[in-house]
Amino acid sequence: MMNETMRNKEIILPKIYRPPDKSISGWYVYFSVYNEFSDKMERFKRTRGFTTCETVEECQKVAYKLKNKYTKKLINGWTPFNDKSVIWKDNLVYHEVKKKRTPIRRSKKTISFFCSKYLDEKKRILSPASYHKYVSELRIFEKWLLNNKVDIIDITLFDEENARNFINYLHYNKELKGSTINNYLITLQGVWNAAKKNIKLLSSPWDDINRFPKSTMPQRPLKQGIIAVLKNYLEENDPQLWLAAQFMYYCFIRPKELRFMKIKHLDLFEGKATVFADIAKTDKTRTVEIHNSFLTVLWSKYRLNDYPEEYYIFSTKREPSTQPVGKNYFWSRFNVVRKRLNIPNDYKFYGFKHTGAVRAIKAGANIKEIQGQMGHSSIETTDEYIKSMVGYESEFFKKDMPTI
């Protein structure tokens with residue numbers, strides 16, 4: 001009964017058509033199945049066996065036999081569109097759509113089939129955060145395929161012209177930067193390489209597409225005057241956003257990590273915060289120091305010790321609660337404030353983290369301490385990060401260079 005209920009969302013189970021005049025001619029069994037490609041329910045009827053019937057009773061026996069046969073086949077996943085088609089769960093369909101109709105039927109050689117198989121492979125070896133990046137890219141690719149009516153073609157028919165059209169769409173329509181487009185190219189090349197395991201002579205349309213030059217725009221810390229303006233406004237009008245900014249500045253905790261931090265992740269006595277691997281960008285658990293003055297604020301102003309340990313620190317109620325904020329919550333709130341205060345758009349919410357790193361290194365923190373607080377896997381990564389923030393500095397040219 002459970003399977004039948006599930007399948008009813010995608011099929012209408014077989015029924016018997018009986019001729020009104022109770023004759024032995026005109027009997028059939030009919031049912032309907034959702035066709036994903038046409039996005040419609042399509043009706044089918046079966047008449048096999050009725051032509052040899054000599055009585056109404058015989059017709060009824062054949063009808064019930066056919067009805068039971070196709071009910072069982074449909075519930076078990078058979079499709080009348082193509083008996084050789086495979087049934088697989090599409091990793092690219094959004095959760096809401098999955099609940100309405102699953103599994104999804106597609107031809108074995110469609111691009112979407114291989115995209116989903118590629119995601120299956122990635123899911124086994126990647127952290128949830130890294131896996132989501134591939135899902136996001138391939139969802140956008142599949143949507144483009146659908147809009148350009150190439151979503152159901154055989155993967156071998158997708159040529160270099162199609163590939164270039166998609167890259168142009170990313171560049172001109174979605175206005176993505178070069179490094180981001182390169183990530184798409186790498187992902188799609190991976191899909192085609194994986195497909196070659198099944199289709200030996202498959203050529204990749206992505207091989208001859210040149211990579212975009214990487215953006216050289218440096219990260220931008222917030223200037224002292226801008227921080228003063230933001231602090232003055234946020235402390236009065238949006239204390240929760242100011243709390244997030246302080247976590248970024250003092251503890252180098254990223255927005256995504258902040259979204260899922262709970263009260264229990266803070267040690268308000270020892271002055272430490274733990275970012276666990278399942279929410280960390282680096283996929284590794286790290287514990288960072290909380291500055292003494294910030295720790296005092298957490299106790300006295302935000303009173304985080306008064307809330308249950310399972311509460312998320314940041315919620316849409318603007319105080320700790322049972323539900324975390326959404327993905328773009330901090331960005332969108334900061335963008336509203338930035339616009340209201342007439343702060344240039346190239347100053348980002350992430351700038352609080354950059355500012356903290358720059359000020360720490362200039363105040364005397366050594367690079368090993370910065371690495372630990374950042375959660376970087378190597379000193380080299382931290383060194384490159386600091387260089388991108390601070391740039392070249394020289395005491396000689398600042399103080400001792402002969403005047404003209």
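Tutor: Axes here are lines fitted to C-alpha atoms, for helices over the stretch in contact, and angles run from 0 to 180 degrees between N-to-C directions. Keep in mind that this is a predicted model.

Student: What describes two packed helices?
Tutor: Two values: the angle between their axes and the distance between the axes. Take helix H14 (residues 367-374) and helix H15 (residues 379-390). Their axes lie 9 Å apart, at an angle of about 100 degrees. Angles of 65 to 115 degrees count as roughly perpendicular, so H14 is roughly perpendicular to H15.

Student: Which residues of H14 and H15 meet?
Tutor: H14 brings Ile367, Lys368, Ile370, Gln371 and Met374. H15 brings Ile379, Thr382, Asp383, Tyr385 and Ile386. By class, this contact has 6 nonpolar, 2 polar and 2 charged residues.

Student: Now H6 and H7. At what angle do their axes cross?
Tutor: Helix H6 (residues 160-173) and helix H7 (residues 178-195) cross at roughly 155 degrees, and their axes come within 10 Å. Angles over 145 degrees count as roughly antiparallel, so H6 is roughly antiparallel to H7. The crossing is right-handed.

Student: What makes the contact between H6 and H7?
Tutor: From H6, Phe166, Ile167, Leu170 and His171. From H7, Ile181, Tyr184, Leu185 and Leu188. Sorted by class, the residues are 7 nonpolar, 1 polar and no charged.

Student: On to sheets. How do strands of a sheet pair?
Tutor: Through backbone hydrogen bonds, either parallel or antiparallel. Here, an open sheet of 3 strands runs in the order E6-E7-E8, and the pairing is antiparallel.

Student: Which strands stand at the edges?
Tutor: Strand E6 (266-267) and strand E8 (286-289). Each has a single partner strand, so one side of each is left without a neighbour in the sheet.

Student: Over how many bridges do E6 and E7 pair?
Tutor: E6 pairs with strand E7 (residues 272-275) over 2 bridges, in the antiparallel sense. Look for Leu266, which stands opposite Ala273 in E7.

Student: Last, one residue. Is Leu138 buried or exposed?
Tutor: Buried means under 20% relative accessible area. Leu138 has 1% relative accessibility, so Leu138 counts as buried. Find this residue in helix H5 (residues 128-147).

Student: How many residues separate Leu138 and Thr187 along the chain?
Tutor: They are 49 residues apart along the chain.

Definitions and conventions: Residues are numbered from 1 along each chain as its sequence is written. This is a predicted model: local features need pLDDT of at least 70, side-chain atom pairs count only at pLDDT 80 or more; totals for chains, interfaces and linings use all residues. Side-chain values use heavy atoms; hydrogens and water are left out. Helices (H or I, at least four residues) and strands (E, at least two) are DSSP runs, numbered from the N terminus. Angles under 35 degrees count as roughly parallel, over 145 as roughly antiparallel, 65 to 115 as roughly perpendicular and the rest as oblique. Contact means heavy atoms within 4.5 Å. Ala, Val, Leu, Ile, Met, Phe, Trp, Tyr, Cys and Pro count as nonpolar, Asp, Glu, Lys and Arg as charged, and the others, Gly among them, as polar. Two strands pair if DSSP finds at least two bridges between them. A crossing is left-handed if the near helix is turned anticlockwise from the far one by less than a right angle, and right-handed if clockwise. Buried means under 20% relative accessible area, exposed over 50%, partly exposed in between (1.4 Å probe, protein chains only).
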